[in-house]
Amino acid sequence: MRWKESTLLLLISPDSVEEARDCAKAAEYLDIVDVKKPDEGSLGANYPWVIREIRDAIPAGKQVSATVGDVPYKPGTVAQAALGAAVSGATYIKVGLYGCTTPEQAIAVMRGVVRAVKDYRPDAFVVASGYADAHRIGCVNPLALPDIALRSGSDAAMLDTAIKDGTRLFDHVPPDVCAEFVRLAHRADLLAALAGSVKVGDLGELTRIGTDIVGVRGAVCEGGDRNLGRIQPELVAAFRAEMDQQAREYAAAVAAAS
């Protein structure tokens, strides 16, 4: 069995059941398979039957995440959608708070999601997801997400990018601000997840700041192209190898400094 010392979880986002089967070939190197529908937004929701088919396509020991969408401020609608994702087999439920312009709106949406999901499956993980480029779409500030997650009873706070135009997580939220996001999440006893065109070269920084979950697609696709490329099992394996290498180097640096 492969030795896995890194505490950083790897989330991979296939865009179809066929790609999920490619992920299954590299299952030992990843932790979470994420179901989304990119043509409906960066956190676009896929169909319930696709979630079920992907759940069936990957090993039982691997977690399935599903996005509920880049949602409006409609707490009841979003709660029903989140329950649908949980019923379909997802154990991580991600909600993109796209249409929430204030923390109070975001908390109201997430409280409905938490109740709907946890009443059905208490062990499910609910993820309050915001956007590193929030300033471009007018939604809640990225650094408000940990408090939103805490006050709503969610399990994790996440940042992604809303507009997929080639800009990246660190282009909008520099590493020092991401570090503050992670610190705030951990202070609230939440998982901190980061995504948004993350590359292999970002892993050192993501490890250093204590990220819990890193979400990728383009970095493990043929040619690095998230739209035209297909996920390659060997690229997933290489990405995990670099994650583990960065974990070893960081642990050695911490030990040397102590």
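**Group meeting: packing in a predicted model**

Okay, let's start with contacts, meaning heavy atoms within 4.5 Å. Take those in the protein chain between residues at least 6 apart in sequence: 69% of them join residues at least 24 apart. Now, the caveats: this is a predicted model, so local features need pLDDT of at least 70 and side-chain atom pairs count only at pLDDT 80 or more, while totals for chains, interfaces and linings use all residues. Residues are numbered from 1 along each chain as its sequence is written, and side-chain values use heavy atoms, with hydrogens and water left out.

On to the fold. We've got nine helices and eight strands, as DSSP runs (helices H or I, at least four residues; strands E, at least two), numbered from the N terminus. The C-alpha trace spans about 50 × 40 × 35 Å along its principal axes.

What share of the 258 residues is buried? It's 53%, where buried means under 20% relative accessible area with a 1.4 Å probe, protein chains only.

Now the inside. A nonpolar core here is a set of buried Ala, Val, Leu, Ile, Met, Phe, Trp, Tyr and Cys residues joined through side-chain atoms within 4.5 Å. The largest has 69 residues, and Leu10, Val95, Leu97, Leu194, Val216 and Phe239 touch the most other members. Helix 4, residues 103-120, gives this core its largest share, seven residues.

Have a look at Leu194: leaving out residues up to four places away in sequence, its partners include Leu159, Phe181, Ile209 and Ile213. There's also a second, separate core of nine residues, with Tyr92, Val127, Ala156 and Ile213 among them.

Key:
Buried < 20%, exposed > 50% of the residue type's maximum accessible area, 1.4 Å probe, protein only.
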